[in-house]
Amino acid sequence: GYDEIVSKTELLKKSGRVMFTIGTMEYLNRGGRIGKLALLLASKVLVRPIIVFKDGDIGADGFSLGRKKSINKLIDKIIGYFKKQNKNIEDYELAVGYGSDIEEGKKFLEIVKEALKLLSEKIKIGFDQIGSTIAVHTGPYPIGLAFIKKFDRV
């Protein structure tokens with residue numbers, strides 16, 4: 001019944017993560033997420049954050065220099081999450097999300113598939129463009145992976 005649905009929804013919320021990186025810090029600045037000094041420093045050295053959405057909160061979980069390094073660090077963070085938390089990746093639904101650049105999204109999907117073979121050969125990864133609500137805050141070039149634990153249907 002209703003209580004079971006609410007209980008399962010709470011479990012889902014706790015198990016979900018979105019880990020991604022962005023193309024530029026400009027949109028985070030426009031949305032008031034970072035200050036002008038941080039934007040100036042980031043733009044001069046091409047810093048890209050690794051951003052994690054979990055437990056209803058969003059925050060940085062590291063930084064990298066340039067797009068390619070931020071993508072590599074993102075992959076390391078994803079693998080590290082499953083290893084450190086001792087979680088079985090086969091118990092999760094996975095999806096790659098991309099912004100305006102579908103070709104970059106496709107390349108990222110292949111990188112993720114190859115990297116996650118370290119954890120399991122049996123996983124399936126969804127693929128979709130992010131929505132405009134998220135793009136308002138991230139700009140046109142976010143890229144990352146979302147995952148949430150599979151639960152029995154209610």
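A chat about the fold, a pocket, the salt bridges and a few surface spots follows.

A: Happy to! One thing to keep in mind is that this is a predicted model.

Q: Okay, noted. What does the secondary structure of the chain come to?

A: The chain has six helices and six strands. Going along the sequence, they follow the pattern α-β-α-α-β-β-α-β-α-β-α-β.

Q: And how much of the chain counts as buried?

A: Of its 154 residues, 36% count as buried.

Q: Let's talk pockets. How much space lies in the second largest pocket?

A: That pocket holds about 290 Å³. Its lining is made up of 15 residues.

Q: Which of them lie nearest its centre?

A: Those are Met19, Val52, Lys54, Asp61 and Tyr81. As for the elements, β1 (17-21), β2 (47-54), β3 (57-65) and α4 (67-84) each give two or more residues to the lining.

Q: How do the lining residues divide into nonpolar, polar and charged?

A: There are seven charged residues, five nonpolar and three polar in the lining of this pocket.

Q: You mentioned Asp61. Which side chain does aspartate 61 meet in a salt bridge?

A: Its partner is lysine 77, at 3.5 Å from N to O.

Q: How many salt bridges does a search of the whole structure find?

A: Five. One of the others joins lysine 113 and glutamate 110, with their closest N and O atoms 3.7 Å apart.

Q: Where do lysine 113 and glutamate 110 lie?

A: Both are in helix α5 (residues 102-116), and they are three residues apart, about one turn of the helix. Lysine 113 is partly exposed at 35% relative accessibility, and glutamate 110 is partly exposed at 47%.

Q: Nice. Which side chain does glutamate 114 meet in a salt bridge?

A: That would be lysine 117, and the N to O distance is 3.4 Å. Lysine 117 has 39% relative accessibility, so lysine 117 counts as partly exposed.

Q: Changing topic: which residues form a nonpolar patch on the surface?

A: Leu11, Leu12, Ile148 and Phe151 make up a patch of this kind, and together they have about 280 Å² of accessible area.

Q: Where is the place of isoleucine 148?

A: Isoleucine 148 belongs to strand β6 (residues 143-149). With 31% relative accessibility, isoleucine 148 counts as partly exposed.

Q: Last one. Which residue has a positive phi although it is not a glycine?

A: Look at asparagine 86, where phi is about 55°. Asparagine 86 sits in the loop between α4 and β4 (92-98).

Q: Is asparagine 86 buried or exposed?

A: Exposed, because the relative accessibility of asparagine 86 is 71% and the cut-off for exposed is over 50%.

Q: Great, thanks for the tour!

Terms used. Residues numbered from 1 in each chain as written. Predicted model: local features only at pLDDT ≥ 70, side-chain atom pairs only at ≥ 80, totals over all residues. Heavy atoms only, no water. 1 Å grid on protein atoms, 1.4 Å probe; cavity = no way out; pocket = protein on both sides within 12 Å on 5 of 7 lines; lining within 4 Å. Points joined across faces, edges and corners; volume = space filled by probe spheres on them. Helix = DSSP H or I, 4+ residues; strand = E, 2+ residues; numbered from the N terminus. Nonpolar A, V, L, I, M, F, W, Y, C, P; charged D, E, K, R; others polar. Patch = residues over 30% accessible without salt bridge, like charges linked within 9 Å, V, L, I, M, F, W, Y side chains within 5 Å. Areas by Shrake-Rupley, 256 points an atom, 1.4 Å probe, with all protein chains shown as cover. Salt bridge = Lys/Arg side-chain N within 4 Å of Asp/Glu carboxyl O. Buried < 20%, exposed > 50% of the residue type's maximum accessible area, 1.4 Å probe, protein only.
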